[in-house]
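Colleague: Could you take me through the ligand and its surroundings, one question at a time?

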Amino acid sequence: MKNIIITGASRGIGYQAALQLARQGHRVLVLSRNEEALRQLKAEAGENLDHLAFDLQRPDARALLEKVKPMGRVDVLINNAGLLIKLPFEELTTTDWQHMMAVNLYGPAHLAQILRPFLEKSERAHILNISSMGGYQGSSKFPGLMGYSTSKGALSIFTECLAEEWRDKNIACNCLCLGAVQTEMLAQAFPGYEAPLSSDKMGSFIAYFATEGHHFFNGKVLPAALSTP
Ligand SMILES: NC(=O)c1ccc[n+]([C@@H]2O[C@H](COP(=O)([O-])OP(=O)(O)OC[C@H]3O[C@@H](n4cnc5c(N)ncnc54)[C@H](OP(=O)(O)O)[C@@H]3O)[C@@H](O)[C@H]2O)c1
């Protein structure tokens, strides 16, 4: 049984991953802003799951630590929350950039810093960052996704750097660059496109990789994609 924290669990891929991890018997703490959706998830998942309303753009370290201290240690942190603002580059404001960087890069970095003492208590901890094929070097790029893809690319490099920084702390860090998965975010980015993967299917792969992947990989940025639109 592992102690797992996952962000962006109010819907989509994060919801499914959290549900499956809790059903597997892990102790799961879920974070996102929509508390009502987290309560619904708790109702489905049962007593293994706890939740905290948490805004990555205004992270409340004290509230998080109150939830985490009783857990004692954290074995897995899944930085799954993501923000996509689709706009032509010339219309993208500094505020848009800041919001995407806050959720897609600074949030994961800040959480890793806050949680480090608890991750160090794990036999071997795993930080799993969820990036996108848009942030994978050499992949297809799409108009309107400049800020999103750039911030996800930064998350990929952050992964490689953090794995080195904390190699001697026994904290592994990997990154999955997802291809198309049928969620609200995909519908916003590519209206009408039908993804070959459901959030349920990708959620179960992430649940597996988060708990086992660090025994095989560290500092790796891996595509997990059947397709990009
Ligand atoms: N779906 C795809 O095809 C696809 C492809 C590549 C990568 N990805 C990545 O996979 C991850 C999950 O995507 P998804 O498709 O499931 O997205 P989604 O349905 O849009 O869900 C995004 C999640 O992020 C949370 N979030 C957004 N802003 C937040 C904030 N300020 N503070 C805390 N949480 C915040 C949302 O929760 P609240 O609104 O409740 O805060 C929500 O739970 C994301 O990182 C996304 O970039 C998805």
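The questions below go from the pocket to the ligand inside it.

Modeller: Before we start, this is a predicted model, in which local features need pLDDT of at least 70 and side-chain atom pairs count only at pLDDT 80 or more, while totals for chains, interfaces and linings use all residues. Residues are numbered from 1 along each chain as its sequence is written, and side-chain values use heavy atoms, with hydrogens and water left out.

Colleague: Where does the ligand sit?

Modeller: A pocket is found on a 1 Å grid over the protein atoms alone, as an open set of points where a 1.4 Å probe fits, with protein on both sides within 12 Å along at least five of seven lines. A molecule sits in a pocket if more than half of its atoms lie within 2 Å of its grid points. By that rule, the ligand sits in the largest pocket.

Colleague: Which element gives the most to the lining of the largest pocket?

Modeller: Lining residues have an atom within 4 Å of a point, and the largest pocket has 47 of them, with N80, G82, L83, Y148 and M185 nearest its centre. Helices (H or I, at least four residues) and strands (E, at least two) are DSSP runs, numbered from the N terminus. With five residues, the element that gives the most to this lining is α6.

Colleague: How far does a backbone N or O atom of N80 lie from an oxygen atom of the ligand?

Modeller: A polar contact is a pair of N or O atoms within 3.5 Å. For the side chain of S32, an N or O atom is 3.3 Å from a ligand oxygen atom, and for I13 a backbone N or O atom lies 2.9 Å from one. For the backbone of N80, the distance to a ligand oxygen atom is 2.6 Å.

Note on methods. Polar contact = N/O pair within 3.5 Å; in protein donor to acceptor, adjacent residues only side chain to side chain.
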